[in-house]
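This report describes selected features of one protein model. The sequence and structure are shown first, and the account follows.

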Amino acid sequence: EINKFNVSIEIEDGIFAVVDPEAIKQALSNLIGNAIKYSPVSKNLYIGLKKQTGKVIIEVEDTGLGIPKDQVNLIFDKFYRVSDSDNQGISGTGLGLTVSKDIVEAHGGVISVKSKMNKGTTFTIELNK
């Protein structure tokens, strides 16, 4: 509300997974916080929770700045911050995505990212049921 985002949430019924709720909340908070920080113009945010065979899938998608193709593989590295003229002046420590990845992997899951410059970024978390 404060940042005037259009938020779309899709949650399938009957999804259960054994997780540390505070840790998963932290991981999602980091992803959503980044979506807000790096979407200065197009303010759309999609959050989805669905089932796939034996897995729970969480998606966080924005229509923000995007991540340069040559830097996508680096964003989960500790203290790494995307270097781009569009994100100058946006504060951060470069730890949020590292923490999110560590949390997801501690739950036996996987986090992945797809991004297109000036179109947005989608983070996908896959957790075992």
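## Hairpin of E4 and E5

In this predicted model, asparagine 118 adopts a positive phi near 60 degrees in the hairpin of E4 and E5, where three residues lie between the strands. Strands are DSSP runs (E, at least two residues) and helices likewise (H or I, at least four), numbered from the N terminus.

Strand E4 (residues 110-116) and strand E5 (residues 120-128) run antiparallel and are joined by seven bridges; two strands pair if DSSP finds at least two bridges between them. Isoleucine 111 has isoleucine 125 in E5 as its bridge partner.

## Glycine 14

Glycine 14 sits in the loop between E1 and H1. The residue is partly exposed, with a relative accessible area of 49% (buried is under 20%, exposed over 50%, partly exposed in between; 1.4 Å probe, protein chains only). Its C-alpha atom is separated by 8.9 Å from that of lysine 51, 37 residues apart along the chain.

## Second largest pocket

The lining of the second largest pocket comprises 14 residues, with Ile24, Leu28, Leu49, Val56 and Ile58 nearest its centre. Strand E1 (6-11), helix H1 (21-37), strand E2 (44-52) and strand E3 (55-62) each give two or more residues to this lining. A pocket is an open set of points on a 1 Å grid over the protein atoms alone, where a 1.4 Å probe fits, with protein on both sides within 12 Å along at least five of seven lines; lining residues have an atom within 4 Å of a point.

## Basis of the values

Residues are numbered from 1 along each chain as its sequence is written, and side-chain values use heavy atoms, without hydrogens and water. Local features need pLDDT of at least 70 and side-chain atom pairs 80 or more, whereas totals for chains, interfaces and linings use all residues.
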